[in-house]
Amino acid sequence: MKNLLNPYLWIILLVVGGISVVPILTGDASMREDLFLILMLVVLASSVNIITGYTGYVSFGNIVFFGLGGYFAFYLMQNFETNFVLAALVGGVGASIVAVLIGIPVLRLRGAYFALATIGINEAMRTFVANFDPFGGSVGMFFNYSVYNAYGGAKNALWFAYDGIVVVALATIAASFLIKKSKFGLGLLAIREDQDAAKVLGIDPARAKVIAYTFSAFFPALAGALFFFKNGIIEPDVAFDLLRSIEALVMVMLGGYGTVVGPIVGATVYERITALLITAPSITVLGVSLGFSQLHLAIAGFLLLLIVLFVTAGFVGWLRQRFPRTRRYLE
Amino acid sequence: MSPRIPRSLWIAALLTLAVVILAACAPAAAPTSAPATAAPQPSTGPAPTTASTGGQTKNIIIGFTASQTGSNNVESGKQLQGLQLWLSDVTKAGGIKLKDGTVVMPSLKFYDDESKADRVQALYTQLINQDKVDFLISPYSSGLAKSAAIISEQYGKLMITTGAADDATMEQGFKNTYQLYTPASQYLSGAIDLLGKLSPSAKKIAIVYSKDAFSTTVAQFANTYATSHGYSVVVNEGYDPSTTDFSSFINKIAAASPDAIMGGGHFADGSTFAKQLFDKKIPAQMLVLLVAPPAPTFTQIGDGAQYVIGPSQWEPQVTYSADAAKAANLPWYGISVTDFTAEFKAKYNADPSYHAAGGYMAGLLLQKAIEDTNSIDPTAIKADLDKLDLLTFYGHIKFSTDAKTHGKQIGHEMVYMQWQKDASGNFVKQIVWPLTAKTADAQLRKLP
Amino acid sequence: MTNTASVILAVENVSMRFGGLVALDRVSLTVHEGEIFGIIGPNGAGKTTLFNVINGVYAPHEGRILFRGEDITGMPPFQASRRGIARTHQVVRPLGELTTKENAMVGACFGRENLSLEKSSIVADEILEFVGLAARQDMLAGKLNIAQKKRLEMARALAARPLLLLLDEVLAGLNPQEVAEMLTVIRKIRDQGVTIIMIEHLMHAVMNLSDRVFVLDYGAKIAEGAPQAVSSDPRVIEAYLGDPKMAQRLLEGSA
Amino acid sequence: MNLAVLVSSSIDGLMLGFIYGLAAMGLTLIFGVMRVINLAHGAVITLGMFALYLFSVQLGLNPYLALVLTLFLGLAFGVVMYFISVHRVINAPELTTLLATFSVDLIIVGVGTAIFTTSPFSVNVDLGTYGSGEITVLGTKIVAVLAAILITVALYYFLYRTRIGKSIRAVANNRSAAELMGINTTAMLALSFGLGTMLAMISGGLIATLFTFTILTGDDYQTKSFVIVVIGGLGNPTGALVGGILLGLLEGIATLFMQPSWVPVIEYVAFVLILLLRPNGLFGARA
């Protein structure tokens, strides 16, 4: 793998890894929590970017794999006292297998039809799990607090989960980079641009799409396992939250569709803006206390609209267009 | 794609590494969290400092998240109003006065959790580490409270849960979490007892519930309780929380001709269900629904609201008082029911709901423990809460001290309200159960 | 000419229907290694459909297609590509958000030789030089002009190092100078030993370039043979009678 | 299961189906004309509910008069929304329009939550009950069904019999060809978006006369609308009514034979299967 020696990859990994390691060195739990969320969103955005940004298939319901990974891992830990790392990996593999099974028929659909189908799959899964008793049905599953004792108590378990998300995020970024720079990735980009032409040029789109979809399922599943391990409770509405899925696409769009750095930038900016709006002190206008938080949905919507309308390519994409020379560097 | 990689890039990579390592080390030296300047919410009353006469003033911060957006917005908002009312009461009184003359002045610090689990743990960590809060209150809903408890427990921070009625949450061996709500397992048991009293011939119960975590838990316990009391549960089915039309489901329920229908979920589905049962003239003798009936807006559905019974943690009509406390041989503490209701009405121009009472009670409980122990030392306060057994405007409070269920609410009782019509045909909310607290006799449901 | 042992492509009794419309009616043809095989016919005669059947975009309803002796009937296009059949499209289909070079690399990567990225980069450089697009290699393909896009189609197909190249009206829409340049390119390709089947409306080009010409009308073969013979074939002229201009050009082309 | 229950539930399902169909019609009209999936559809339905609430409860107008006002409001709002959020990106990749309309959804729901909270609201309209025994039907539902039929007929007439309607269909078929024929495509697109929004708001208003609603209720109808437009054929407004009726019937009848919470599972699985097997809808001509 010649690309493993590519310095662009290492610059990205060093920046993300370097920042991620700060709370580990300083023991700052608040920063850890903020970064956990950012890194989780980086995983979700980068993964959906593989199928949506590289391959051109708008996967609206990609969160289904996040939920499945969480459920599989939770189930194993709950019922078989499986070690978390193993449970998470099984969750990741399990979700990937589901992705293959779903992907084979569904990836034949194009455009809006595919997008709608992914919404349908997520909703079908959510309503099914809400009725599926082995997964706790609508009540979901929760850990007894003592589960964390095996990981040195809840405090250490949260650090452990954080280490996990750092590893998964770096792996996702590396995969996202290596895929884009590989022959396989070139095939995906060709499919995105013109599937029929790509087919004539020797690419097997069906196979390539399923593989891309599987990648876009594997990492979110790991993130789901980590998130729900840390959260201590998993419920269908939280696991299969369509809104989170849409937000991941928003992040991709913010940062730059089809680029490696875009989703990372997009996820970080989106999370920080939301956090800022939520934690901003409320202001009093004409005697009425108006929290930004009360309007943060509207503000987020307004910002998103401005970006969608005027910076269609996202931040990184805009840089690439504005300064064509950066195309070589900004992947 | 290009195989040749300029050396300058490698240098850039190494430089980045150096910068990142520096960045990584820097925050270790400089403390990241600024001293928590407790930004008091605008509801805070007159300036607190004037109150302290001889002793010093200790500021304490109570932290929590509220659902200012998302699906829990209404309930959580009322809970917040209750808590803010408590804060303004305490502030007006010049703070919590300790024996040594010290005045403890509380303030609130809260964030929006968007009714979602995503950020709850991050926000509670921030409250503890950066905002340096002294005590915590849970988010609204059991799911979010569970996520928050994982953080509060590991820091050993005392957290009072309100708006979280799940039994299982409190059966995990928590040491620092105290539950104010009567657990879900008892939400409908009183209604089943009431049915036995009112209509001894009733045998068939239909349990229909929204397929969400809370309602399903309640329904499961109700099923067990009803069966063990000799009822036959003729329908025991969940519906999707997003259901907006119950017509067909009601046909199915009616076909089983139940004597009582119990369950529901949240406001919108509950009120539509009640209205459609009425429109379809289903003759069940009793209709008990979660969450929806206690809300004043429930009567917007018209005559369908009549006779509907709702379990509630608290209602303005409850009869808890100092006298009642004496009778029950319990100490009485805090504001009276009428004062609470009147103050709330004056401040927010609405009747307080049980969420609001729960919010107020969360503050009141801390106040009581601080006064009892004359300190804000968490260990002392926990010890005090463990042995607390008292009556307040909110009702009886007592926590389990069993290692397995520590902090679970075992004193508080549900009340059941029913919408009845007065002589002039206006809807009146009456307390019908428990009998000791009733404001009117329960009525069996009948169709016009 | 060549002997039968060197038949590279054999189309046997191929029929293709779209609903009630018969696009190809029992078409048979053989193409020999190294030749330029021209296909002409009025609009809607089924020429592009024939290409689509050969490289697997459509599976024919009957008949079969043999490529170098192997039955490739109904194989998807990417299989055909890997076996060495490359084609250009009548309506250009650049991969617009990729650069010119990346477009060519796609051809090289997934073509007959299934090259690695590094090797395909070298091949792409060569091919872009060959078709005269080297200066545009970092430009987004969507931003090229039409003549450049046509060359890009050609470059992508060539980068696959095909044994058989299907050219679908590569000259259409080009000005005379561009046509002349393109003809040079096509000849050079043939000189490298690549077999070419070309669909073309520009008669003088087909007639000058092709070793043999095949005429389709209403989905059926009406003539086949050396250019001069075909252009004087009365059935061919009759087929083009509906389009007098075309008939005129046909005659001119043979002159 | 006795027959009366089956009949009664079929009628209930059928009536609900008309309302579902109407709710989905705007979504499919907009998709049909401009290939945009309007993710603000649910929010617009909610707007219709609150518009009706404000007009009838706050201003004290007759609810059905309020509905007429809602209609004009919807048309105007849709045209404005088109020019603000869609027009600039109408030719961009579909992700762009999805997110543009989604941001409008966020704005509507965000501002709505700040004003109305997520408290439930209802508009109590009583037109009596008709029928006898186990089979009874609400007057308000009959009106809603009649309105759905009337609106569908009117829409059909408009699209197929009027000049403007034909222009809209021409734009839907081939925008550049329509442009060449001298049709003002921008106006037609804006009008279609306005019509789609209008339909969504009327359906919201009608739903408000039947059920309790919150600022978040529209989302449920949006997801249902996706299912319906797929059954009826994406982009086919009259097909939406048929799709809605089928979905309503399915819900009405399936509820009798299983736990109601399983019904959505069936719906969504069927939705995906129809997309895979009959992407043009159950009655789509071309496969």
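How many salt bridges does a search of the whole structure find over all chains? The count is 43. This is a predicted model.

## The contact between chains A and D

Chain A brings 39 residues to this contact, and chain D brings 37 residues. Together the two chains bury about 3,500 Å². Carbon and sulfur atoms account for 82% of that area. On the chain A side, the residues that lose the most area to chain D are Y113(A), L116(A) and N131(A). Together they make up 19% of what that side buries.

What is the count of salt bridges between chain A and chain D? It is 0. Polar contacts do occur: 2 residue pairs, both at pLDDT 80 or more, link chain A and chain D in this way.

Which elements of chain A give two or more residues to the side that touches chain D? They are α4 (84-106), α5 (111-131), α11 (242-255) and α13 (292-310) of chain A. The largest share comes from α5(A), with 13 residues. By class, this side of chain A has 29 nonpolar, 8 polar and 2 charged residues.

## Chain C as a whole

Chain C has 10 helices and 10 strands. Its radius of gyration is 18 Å, and the globule rule gives 18 Å for 255 residues, so chain C is as compact as a globular protein of that length. The C-alpha trace of chain C spans about 50 × 40 × 40 Å along its principal axes.

Of the 255 residues of chain C, 58% count as buried. Contacts in chain C between residues at least 6 apart in sequence can be sorted by separation. Of these, 65% join residues at least 24 apart.

| K252(B) and E237(B) | 2.9 Å | 15 residues |

Take the chain B pair. K252(B) forms its salt bridge with E237(B). K252(B) lies in helix α7 (residues 247-255) of chain B, and E237(B) lies in strand β8 (residues 232-239) of chain B, so the pair ties together parts that are 15 residues apart in sequence. Are the two partners buried or exposed? K252(B) is buried, at a relative accessible area of 11%. E237(B) is buried too, at 15%.

E62(C) is partly exposed, with a relative accessible area of 31%.

## Two buried loop residues

Where is T244(B) placed? It is in the loop between β8 and α7 of chain B. T244(B) counts as buried, at 10% relative accessibility. Its side chain makes a polar contact of 3.0 Å with the side chain of Y221(D). Residues up to four places away in sequence aside, T244(B) touches T272(B), F211(D), T217(D) and Y221(D).

H89(C) lies in the loop between β6 (85-87) and α3 (100-110) of chain C. H89(C) counts as buried, with 10% relative accessibility. Which residues does H89(C) contact, leaving aside its neighbours within four places in sequence? They are A197(A), V200(A), E153(C), R156(C) and D168(C). The C-alpha atoms of H89(C) and M154(C) are separated by 9.1 Å. Along the chain, these two residues are 65 residues apart.

Notes. Residues numbered from 1 in each chain as written. Chains lettered and ligands numbered in written order. Predicted model: local features only at pLDDT ≥ 70, side-chain atom pairs only at ≥ 80, totals over all residues. Heavy atoms only, no water. Contact = heavy atoms within 4.5 Å. Buried area = accessible area lost by both parts, 1.4 Å probe. Salt bridge = Lys/Arg side-chain N within 4 Å of Asp/Glu carboxyl O. Polar contact = N/O pair within 3.5 Å; in protein donor to acceptor, adjacent residues only side chain to side chain. Helix = DSSP H or I, 4+ residues; strand = E, 2+ residues; numbered from the N terminus. Nonpolar A, V, L, I, M, F, W, Y, C, P; charged D, E, K, R; others polar. Rg over C-alpha atoms; globule rule 2.2 N^0.38 Å. Buried < 20%, exposed > 50% of the residue type's maximum accessible area, 1.4 Å probe, protein only.
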